[in-house]
Amino acid sequence: MEFSYTVAVLIIPIVMFLFLGIVGVKLSKKTAGVLGTCAMGVTTLIAYAAALTYFFGTEQGQIVDGVRQQLEVMNITWLEFTENLVIKLGILLDPISAMMLIVITTVSLMVHIYSLGYMDGEKGFQRYYAFLSLFTFSMLGLVVATNIFQMYIFWELVGVSSYLLIGFYYTLPAAVSASKKAFIVTRFADLGFLLGILILSFYTDTFDFVTLTSNPGAAIASAGGATFMGCSVMAWALTLIFMGGAGKSAMFPLHIWLPDAMEGPTPVSALIHAATMVVAGVYLVARLFPVYCLEEGTMTIITVIGCVTALYAAAVACVQSDIKRVLAFSTISQIAFMITSLGVARPELHEGVGYMASMFHLFTHAMFKALLFLCAGAIIHAVHSNEMSKMGGLRKYMPICNIAFLIGCLAISGIWPFAGFFSKDEILVAAYANSPVWGIWLSVVAGMTAFYMFRLYYKIFWWNNPDYGHHTPHEAPMTMTFPLIFLSLVSIVAGFIPFGDLVTWNREGLTTHINWGVAGTSTVIAVGAIILATLLYRKENAVPEKMADSCRGLWTAAYKRFYMDELYQFITHKIIFACISRPIAWFDRRIIDGTFDMLANVTNSASYAVRKLQGGSIQGYVWVYLAGAALLAAIAIICII
Amino acid sequence: MIWSNVLIYFVIVPLLMLGGLALSKSVKQVRAVAVTGATALMLLAAYLVIEFLSMRAAGDVSPMLFTDSWTWFEPLNINLALGVDGISVVMIVLSAFIVFAGVFASWNINPLPKEYFMWFCLLSTGVFGFFISIDMFTMFMFYEVALIPMYLLIGVWGSGNKNYSAMKLTLMLMGGSAFLMLGLIGIYFHSAPEGGQLTMNILEIAENNAIPHEWQYYLFPMTFVGFGVLGAMFPFHTWSPDGHASAPTAVSMLHAGVLMKLGGYGCFRIAIYLMPWAAGELAWIFLLLTGISVVYGAFSACVQTDLKYINAYSSVSHCGMVLFAILMLNTTAMTGAVLQMLSHGLMTALFFALIGMIYGRTHTRDIRKMGGLMTIMPFLGVGYVIAGLASLGLPGLSGFVAEMSIFVGSFQHADMFHRVLTVMACCSIVITAVYILRVVGKLLFGAVQDAHHKELTDAEWHERLATITLIVAVAAIGCFPNFFSGIISEAAEPIMKLFA
Amino acid sequence: MEITMMMYLIPSLIMFGCGVYGFITRKNMIAILISLELMLNSVDINFTVFNRFLFPGQMEGMFFTLFAIGIAAAETALAIAIVINVFRAVNKVDIRELTKMKF
Amino acid sequence: MDYSQFLMMPQELGLLAVFLLVFLFDTFMPKKSLGALPVFTSVIFGAFAIANYFMLMRGTAFSGMFESTASTFVMKSILNVGMLIVLVQSIKWSNSEFVAVRRGEFYELLLTTLFGMYLMISARHFLLFVIGLETASLPLAALVAFNKNRYESHEAAAKYMFTAIFSSAIFMLGLSFVYGLTGSMYFADIASRLVGGSNTALLITAIAFVIAGVGFKLSLVPFHLWTADVYQGAPTAVTSYLSVISKGAAAYAFLVILVQVFGTVYSVVWEWMLYALIILTITLGNLFAIRQRNIKRFLAFSSISQAGYIMLGVVAANELGLASLMFYVLVYIVSNLAAFGVVSAIENFSGKVSIDDYNGLYKTNPYLSFTMMLAMFSLAGIPPFAGFFSKFFIFVGALETGSVAIYVLVLIALINTIVSLFYYLLVVKAMFIRQDDCIIPTFRSACSERIAMIACTLGIIFIGIASCIYTFMVDVVNDNVMMFGLLK
């Protein structure tokens, strides 16, 4: 099958971006929005065609010996560093990239449609659609990357799109600082990514994914056992690359940007900070999975970070009061699940089910988390606030939204038959297979997930019935409800996709079967947590407040996200700005510049010092003359004779 | 015949402009002459690129093309020797672009527009002359020709503490060129083996490769530092912040955009090319210094509050990267260095142009006193954001390809020391992001700080033209880097083979 | 007693020294001119003495002396003229008055 | 005696003829036509300077006391160029109220001193040299005192006179030692008798005194102290003459004496002395110049430091050095005279001589400012003006000797160029950058002044770029290779 048409999924959005960016202000808002959405629709169709043909096509060469082939649809040289180190721009079709094509285009299209309603009347509407196109372009470019440097390029581009979209309301200081924070934190992580690439390419002399992953042993061996600070350089390289992924995927301790990123428009949060960009880290590790699994140490780091993040984010999510914050921490926690799943995956454990589970969860999570965010957007749209305290009893006003949100919550909590159940089950299976510690840990976090999601749900839709005054909340317009309905349906059915057949680490088919032991346990936990949440939050009561009071310290710490932001604030302002930048600036002005000024001053004062030589008296002049001649002679005599 | 060489016109056109300006009577005529000249230079540059590429495509593999030589000072074997390779070609194109944009950026210069453009032309003459020469004397002459107009351009048309800044800039740069002159004469006297004909021609000197090692040991630092001062090498960079802060818009553009490139280009073309042995031996010292520049400039920029200071320190950082890469002595890094020169030239010119335009409206450059300008002047705001993104290395704009070439190239070095320094230099990309976003956040975003700013207008047509020219150039390099890097690496490769 | 060259040279040097001393210490410009004359004359003595004792076969030193005397006379004449000029301007011949231009 | 020997000195004879013509014109022409004297002098001197071009003679006269070679010829021609410019420049001044009655003397004295310098250049015997030296310096004292109405003029003359006599006493004392050591006053004889390597204390003292004597004319530190006061006090026309012509002649003579007489003890004795003097001269000249507010005094110190650079050509002691020295002198003449042209034009018009008075000059007198700026740039050695080339070549000449010491010396000189650039730029800054209202109103300088300034400006722009001039000088020096025979 000829896949070269796939290139259109990149071209259409970038053209759209340039078009809307340059002449957008001349168009009416409606035209711009519709144009952008239509373009996205076409992109989506093409992406679906490509992905579905890839998965289900029966052409010769797509599957050889049961292994799905990686297809390099195109690969053009973009920049040659050396003979082998070449940045190419291309499209690599393989199971995960095909899957990502679907995820990205689906969510993006939904967000495009949704935004027609949500962003209606906003200043800079055209700009918004331009940025959405840019983001879609970058994200698609990222997932289809044929080499790690292409990925890095698009990695940076999604970073900047994210920056631009978070800072969309650029007159609000909070949005500006959130966007800045997001960019800088991820940039810091990208530094690790870049260094990782440098090290990796230095030893393996290639950027190409296919070359790297088809023979991972050779890649590792190319370092020749070189070590740096006691660890093998390959472990360094892979860990640093993972650092890039961790930054993008908001892993602890690089997660701090994500909650703040909620300052952006809610559809943007749904698209970028829930469904697509934030899973780039997971995708990155998955992309290099064959190499990663040869470095045990790095895998352990990944697992530990994933687990810590999962627990941390879940804990914080339990006490947040801003609905988007809750969803943000929930996102962090869920991505940590995926990361952990990759970390615990080993080819020999259940045929590497962790890998598949991670990708599966990525897929389902994208759908239900986008759903949740879009619902949250509809709610915010209706209530004009992010705070839970301003909400309550909304089920009466917004029935569609209520159901959609409930479906999302059930999906994320892992209740059969919703999508989350299947993917989370596989993750837990993988975790238990690696070590019960991780398994139990993740089960607990899964329980917490169910709890805070239902806390959120009840707080919004039940709890109390505040006085909404003269603007009663009402159901969102059709453009906004349609995506909710669509995504709800997907969240319900996505679990039944035979993922094991499609996406596995070695691209061979994998027979999955529900491990009822694990699944049962986790379902019980989830249901328990939901019941707990129901008891606590269904109706307004004082129990939750009392509970919070009983452990006020912990509660406050969790509410303040365990002071991570303060820590960063301290490091950036007190250490980097106050202890490095300012002293350097001072040093530059006073010492370095001062030295040159001093040279000038010394010359000047020397000029004053010598003026006495010319005292104006003839006899003085003669003295100097005579002394000069005599000294000249005397010194010469002493030196020579 | 001298007129049959296309290169000489790069000097003749600015000189004709100079004459035309001297004769022109009104501001309109001055502008007309300036625009005509700048356009002619652009066309010439385009013609040169096409000719150059077609000659290369036809299989001409000589190190320099369009070479010609006319005896000038016969006793010292000084020739007016011209020639370009890929590196000079791209530098010429860069200069043409910036001169073009500079003319439009200084459209409303006041007072004395005629004199202003005359100095401007003299400066351009020096710059182009430097890039087309392959004779050390001629190069040096043009180098100084390019430096001295800065004094008056800053002194007369500048702002702030301009007397001090102009004097400091001139003296420090001339200080550098003092060392340089000694180095060049030293090279001249060792340019040929015992008894051979001494020469100033770079190609011949390189071919002779006769400079004794013990002399290289002294001459290399002299020439490198001499050019390095102009390349804002730590610790000789302090002219840059003050100078740029005081200079008028187009002068900052030209200075940061082109003049500072003379430093990097000279370091490469003279210090490294002619004294490969010493370059290999002594590179580590300068690598340390330039490595420091890279990080140091970036950190300093983080806490500045004056827009031009921020940019000046950012230039220290970026230009440090150029020298850093040159010293890595391999083709990839060298290609990156030249790309970085291109990229830095364009984006800093863009920055300074925009800063000048903003300053012309708000009459302040203190970022604490401005804010929310994006709503007031969206065009300038968007331009600034693009410049900022280019500066912090966004793919698709020029900064990225340059920096990546440098990092990848530098990291290919077999020596651990070099790789550790590379890692250090890489850190600058984060710090760059910090200060760029800090400025963008404070300057363009947020609420409008000063009510008076609300009445300000967006860019006028000539400002738009200048900005768009530069943005297009930045994006062109960023999107199609292989074209540029191909030209450059082709030129750099034979030279870097000396170090293999 | 044999008269050696040194017996001329030493007084000549003393004369020169006196001239220098006088130049530096005198206030009166005329006195200074006299000191200068002393110095020039000592040089003349040197030339004649060297010629007479060391190179008796030729007359170069003598001729030089003659010319030097002439030059000295011209110098003195001019100097006197200038001193008079100065005197007219400031009514003094004190050399220490002439320090208006300095540094 | 063979009177045809006088034909060996056509330039001197020509100059003498010019002098006589001027003298006769001054003495016998009716009073009312004397106003034409300055123009007359300029014209016939110009004619002489052109005719001079065909007067090249090679050979010696008076049994070797006088030598005419291509390089002496060129050096004299260079002086002629300067002299002509000075003459043209001074036309307006010499027709001014106070000077008019004595202008004849002015030109006669000027021509006499030039004659003395010719002799200095061509002398190959110390007697002739001393005569030349004194002929060059005594009339200058009278010229310095020329402005009878100004006190400064008297003070300057007294300072010049007394120090000059003192200096020549020292010089002649040195010569007497040399005579005592070698028994001859012929350059060639002295050199051949010094070959024995007799670097005794007496010889060293003698050399030191000789250097002091000639260094006085060149105003090398520490023998320079008269310079600034005299430049300041003398009439500007005289100052400009003093600063360029007499310095040029002295520089050449200095080189001839050191190389031809003491060439054998070059590296042993006087190389190091010159190092010290050059460093002192350049540095102190610069240091003093930084502070000056009086433009003439400022130019005095600048000329001191320029003398230091000229000395680099002497210490080089090779063909390239000599050629560069001559070239430097030529460039220095046009650059400095351009500056003095502006200074005197302004002084003649307004009497202002302070740099502060030049503030904002560009607004009122753009052409004068432009000329001044070119002069400053050329003096500072900024391309593409002639000063850059002359500096470069003199450094090349010096470095051709190739020792490490000379590299250090040149480095010090180069670092000093930065200081000098600073103060030259101060003048430029005053004229162009200072926005104060200029106290010198717009005026039109006299035609003669403009001619001189245009000539200088053209010189500044083209002498360097037109490579034929420097090439010609190198050829001329190579014509006379034997000069440096003692050093090889």
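Trainee: Leaving aside its neighbours within four places in sequence, which residues is V11(B) in contact with?

Mentor: In this predicted model, V11(B) is in contact with T125(B), F128(B) and G129(B) once those sequence neighbours are set aside. V11(B) itself sits in helix α1 of chain B, which covers residues 9-23.

Trainee: What makes V11(B) count as buried or exposed?

Mentor: The count of C-beta atoms around V11(B) decides that. There are 23 others within 10 Å, and the cut-off for a buried residue is 20 or more, so V11(B) is called buried.

Trainee: Now to chain C. What is its secondary structure?

Mentor: Chain C has three helices and zero strands, and from the N terminus on its elements run α-α-α.

Trainee: How do you know whether chain C is a compact globule or more spread out?

Mentor: Set its radius of gyration against the globule rule. For 103 residues the rule gives 13 Å, and chain C comes to 17 Å, well over that value, so chain C is more spread out than a compact globule. Along its principal axes, the C-alpha trace spans about 50 × 25 × 25 Å. Of the 103 residues, 36% are buried. Among contacts in chain C with a separation of 6 or more, 50% are between residues 24 or more positions apart.

Trainee: Which chains have the most contacts between them?

Mentor: Five pairs of chains touch, and chains A and B have the most contacts among them. That contact takes 39 residues from chain B and 38 residues from chain A. On the side of chain B, α18(B) gives the most, with nine residues.

Trainee: What is the make-up of that side of chain B by class?

Mentor: The side of chain B that touches chain A has 25 nonpolar, 14 polar and no charged residues.

Trainee: And how many residues of chain D are in contact with chain B?

Mentor: There are 28 from chain D, in contact with 24 residues of chain B. Here α18(D) gives the most to the side of chain D, with 13 residues. By class, that side has 22 nonpolar, four polar and two charged residues.

Trainee: Which residues have the most contacts inside the largest nonpolar core?

Mentor: They are A370(A), I379(A), A141(D) and V144(D), in a core of 721 residues. Helix α16 of chain A, residues 353-383, gives the most to this core, with 22 residues.

Trainee: What is V144(D) in contact with, leaving aside its neighbours within four places in sequence?

Mentor: V144(D) is in contact with S153(D), A156(D), A157(D), Y160(D), V230(D), G233(D), A234(D) and V238(D).

How values were computed. Residues are numbered from 1 along each chain as its sequence is written. Chains are lettered from A and ligands numbered from 1 in the order in which they are written. This is a predicted model: local features need pLDDT of at least 70, side-chain atom pairs count only at pLDDT 80 or more; totals for chains, interfaces and linings use all residues. Two residues are in contact if their C-beta atoms, placed from the backbone, lie within 7 Å. Helices (H or I, at least four residues) and strands (E, at least two) are DSSP runs, numbered from the N terminus. Ala, Val, Leu, Ile, Met, Phe, Trp, Tyr, Cys and Pro count as nonpolar, Asp, Glu, Lys and Arg as charged, and the others, Gly among them, as polar. A nonpolar core is a set of buried Ala, Val, Leu, Ile, Met, Phe, Trp, Tyr and Cys residues joined through C-beta atoms within 7 Å. A residue is buried if 20 or more other C-beta atoms lie within 10 Å of its own, exposed if 12 or fewer, and partly exposed in between; C-beta atoms are placed from the backbone. The radius of gyration is taken over C-alpha atoms; the globule rule is 2.2 Å times the number of residues to the power 0.38.
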